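Open the model in a viewer and keep the selection tool at hand.

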Amino acid sequence: MPRSWLHLTAVLMLVVLAATGCATMQDNPKASIGALGGAAFGGLIAAAAGGGGVAIAGAVIGGALLGGFAGNALDQRDKRLAAEAQQRALESAPTGKPVAWTNPDTGHSGSVTPVRTFQSQGMYCREFQTDAIIDGKPDRAHGTACRQPDGSWRMQG
Amino acid sequence: MRIAYGCLAASALGLLLTGLAAAQTRSDLDTKTWVKEHDKNADGALDREEFFQAVVEAFYFRDKYKTGYLAIEELKEASPEMLSAVKRKDRDKLSLQEYVNAMFRDFEAADTDKDGLLTVEEIDVYIRTVK
């Protein structure tokens, strides 16, 4: 593989990195890592296959899009599972009883535990604690949500 | 008057437990379990704040349709006396504040040593006494 194609792939990956941005890296690291991995893989495959500059550029950008989408989809499933656990916990779990969630695809898991129930302006509200283990690291947060007339729970503050 | 409060309170407190168990679809909820679940500082008894939290949660689980009030049909399984109290008010539902007030009359009557704490024994004795 000519050295110039490697340079081109590297430059395009820097473009992808700039496009995904530091904020995305912090907010959704898996999507960013997926994008960069996809870009690198796509670029290298195109270069190895003897593709020209345009082909490599296309493969880098296409790989970035696909990789970013895959990474984002996994995080989305984590979020959906956590949100479902939160709804179940707030609606029907007694205080102190955790409702757990696990994403077997990522190995991520967590739980939502109601810690206090009260009424505010005629609405039921519950304080809760969330615990999660993401990539082996424990994370804990607290929040308050109030029950809306349609049965959903809206975060406060 | 105190006796009337006591009767109302005892029935409400005793049936609070069975009502809670039904509302949470649990069969394991006895006095000891209930006290333990709400005894935040693990001193073996419920103080007023712990009791208040327990009562608010009981109200939440009893309120099947989450209207913010307990309707007569939601009170029936809880206590005939409480139902009578609602009827005396010429209303068909009970607010959280009214429910809390009734339960705190229970608290005061059951707290025989007046230390501001409800133990499992005090609750059990109180329920048996009024039955």
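Select A:Thr113 and look across to β3(A): the bridge partner there is A:Gln129. Further along the pair of strands, A:Thr117 has A:Arg126 of β3(A) as its bridge partner. Strands, like helices, are DSSP runs numbered from the N terminus, with at least two residues (E) for a strand and at least four (H or I) for a helix. Two strands count as paired if DSSP finds at least two bridges between them.

The model is predicted; local features need pLDDT of at least 70, side-chain atom pairs count only at pLDDT 80 or more, and totals for chains, interfaces and linings use all residues. Residues are numbered from 1 along each chain as its sequence is written, while chains are lettered from A and ligands numbered from 1 in the order in which they are written.

**The sheet of chain A**

Now select residues 108-120 and 123-134 of chain A, which are β2(A) and β3(A). They are antiparallel, with 11 bridges between them. The hairpin they form has 2 residues between the strands, and A:Gln121 in the turn shows a positive phi of about 50°.

Between β1(A) and β2(A) the hairpin has 4 residues, and here A:Gly107 takes a positive phi near 80°.

Show the whole sheet next. It is open, with 5 strands of chain A in the order β1-β2-β3-β4-β5 and antiparallel pairing. β1 and β5 (153-155) of chain A are the edge strands, each pairing on one side only. From one strand to the next the twist averages 30°.

**Across to chain B**

Which helix packs on this sheet? Select α3(B), which touches β2 and β3 of chain A; its direction makes about 100° with that of β2(A). Such angles run from 0 to 180 degrees between N-to-C directions, with axes fitted as lines to C-alpha atoms, for helices over the stretch in contact. A contact requires C-beta atoms, placed from the backbone, within 7 Å of each other.

Colour the contact between the chains: 9 residues come from chain B and 10 residues from chain A. On the side of chain B, helix α3 (residues 48-62) gives the largest share, 4 residues. That side has 3 nonpolar, 3 polar and 3 charged residues. In these classes, Ala, Val, Leu, Ile, Met, Phe, Trp, Tyr, Cys and Pro are nonpolar, Asp, Glu, Lys and Arg are charged, and the others, Gly among them, are polar.

**Two nonpolar cores**

A nonpolar core is a set of buried Ala, Val, Leu, Ile, Met, Phe, Trp, Tyr and Cys residues joined through C-beta atoms within 7 Å. Buried means that 20 or more other C-beta atoms lie within 10 Å of a residue's own; exposed means 12 or fewer, partly exposed in between, with C-beta atoms placed from the backbone.

Select B:Leu46, B:Phe51, B:Val55, B:Phe59, B:Tyr99, B:Ala110 and B:Leu118, which touch the most other members of the largest core, one of 21 residues. In chain B, β1, α3, α6 and α7 (120-130) each supply at least two residues of this core. Apart from it lies another core of 10 residues, including A:Ala85, A:Val99, A:Val112 and A:Trp153. Returning to B:Phe51, its contacts beyond four places in sequence are B:Leu46, B:Phe107 and B:Leu118.

**Single residues in loops of chain B**

Centre on B:Asp47, in the loop between β1 and α3 of chain B. B:Asp47 is partly exposed, with 17 C-beta neighbours inside 10 Å. The C-alpha atoms of B:Asp47 and B:Gly116 are separated by 6.0 Å, with the residues 69 apart along the chain.

Most residues other than glycine have a negative phi. B:Ala42 has a positive phi of about 55°; select it in the loop between α2 (31-38) and β1 (45-46) of chain B. Is B:Ala42 buried or exposed? B:Ala42 counts as exposed, because it has 7 C-beta neighbours inside 10 Å.

End at B:Lys114, in the loop between α6 (96-110) and β4 (118-119) of chain B. B:Lys114 is not a glycine, yet has a positive phi of about 55°. With 7 other C-beta atoms within 10 Å, B:Lys114 is exposed.

How values were computed. Two residues are in contact if their C-beta atoms, placed from the backbone, lie within 7 Å.
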